[in-house]
Amino acid sequence: MQAKGSNLIPILTIAGSDCSGGAGIQADLKTFSAHNLFGMSVILSVVAENTSRVISLHHIPEEIINDQFQAIFEDIVPKAVKIGMIGTKELMDCVAFNLEKYQAKNIVIDPVMFAKNGYALMKIQDCQHFKENILKFADILTPNIPEAEFLCDFKIQNEKDMIKAAKKLHKLGAKNIVLKGGHSEDNANDVLFDGEKIYILKAERIKTKNTHGTGCTLSSAIASNIAKGLSVYEAIKEAKEYVKNAIYYSLNLGKGCGPTNHFYKFLND
């Protein structure tokens, strides 16, 4: 019997590894698979974490990161790239070098700074370096409110502030900004700024503690939809719907904030 080969769209995540499977590289790859894409990864850091806490993290040597980039781009060039946690200035420089070297396209950046329990995954003093060297690569940037506050250097207390922050992040180099409202007290509305228009993407808050990896999942879902050829607006809209259901059907695992259900379509029929 001859094999019937098929071509799945390739997509890449550049991020840290979450050994408990709810966030980071693991969440990204699950999201890619749920969107029927061929997921690949460049691992920047290994994080020992679970639903309750971050125990420790180890950053991968730059030589190995360079080799991972080479292995990907000399063989299977991705249609889109999702970037998550970049924990040090050195890693930022390494990632920036390789993005330029290989002319990566359709880049979605989730500026991961804190774990769900508040553990700092990016040093506060490295925030400026991130702004100066990484933001410019973002075709779509997906900060939450605390991350946007650090990047913009002011408090965000309402929707007006979210719009102000999105516009500032555009001036700093990001082409499209989705400022996530999950930390807002009023609702879970997001603000999208495409450089010209502001869109308010409305969403109701789902009552659950199981939200581990939602930021990773949203950004990788957006990248998935971009890889499949959707417009920026439609890619974000579809990704929000995917994450809403992944939270609604979230998994009661662990002692802390449980993971979202990336395969809810297949596991809840």
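The exercises below, each with a worked solution, concern a predicted model.

Residues are numbered from 1 along each chain as its sequence is written, and side-chain values use heavy atoms, with hydrogens and water left out. Local features need pLDDT of at least 70 and side-chain atom pairs count only at pLDDT 80 or more, while totals for chains, interfaces and linings use all residues.

**Exercise 1. Surface patch**

Find which residues make the nonpolar surface patch of about 230 Å², and place Ile76 in the chain.

Solution. Step 1: apply the patch rule, which takes residues with over 30% relative accessible area and no salt bridge, joining like charges within 9 Å and nonpolar side chains (Val, Leu, Ile, Met, Phe, Trp, Tyr) within 5 Å. A salt bridge here is a side-chain nitrogen of Lys or Arg within 4 Å of a carboxyl oxygen of Asp or Glu. Areas come from the Shrake-Rupley method with a 1.4 Å probe, and for residues only the protein chains shown count as cover. Step 2: the patch consists of Leu8, Phe38 and Ile76. Step 3: Ile76 sits in the loop between helix H2 (62–73) and strand S4 (81–83); helices (H or I, at least four residues) and strands (E, at least two) are DSSP runs numbered from the N terminus. Step 4: the relative accessible area of Ile76 is 31%, so this residue is partly exposed, a class between buried (under 20%) and exposed (over 50%), with a 1.4 Å probe and protein chains only.

**Exercise 2. Strand pairing**

Describe how strands S2 and S3 are joined.

Solution. Step 1: two strands pair if DSSP finds at least two bridges between them. Step 2: S2 (residues 38–49) and S3 (residues 54–59) run antiparallel and are joined by 5 bridges. Step 3: the two strands form a hairpin, with 4 residues between them. Step 4: Ser56 in S3 has Ala48 opposite.

**Exercise 3. A loop residue**

Is Thr260 buried or exposed, and which residues does Thr260 touch?

Solution. Step 1: Thr260 belongs to the loop between helix H8 (232–248) and helix H9 (264–267). Step 2: the relative accessibility of Thr260 is 2%, so Thr260 counts as buried. Step 3: with contact meaning heavy atoms within 4.5 Å, and leaving out residues up to four places away in sequence, Thr260 touches Asn210, Thr211, His212, Thr214, Thr217, Ala246, Ile247, Ser250 and Leu251.

**Exercise 4. Cysteines**

How many disulfides are counted?

Solution. Step 1: a disulfide is a pair of cysteine sulfur atoms within 2.5 Å. Step 2: the count is 0 disulfides. Step 3: for Cys127, the nearest cysteine sulfur is that of Cys152, 9.0 Å away. Cys127 is buried, at 5% relative accessible area.
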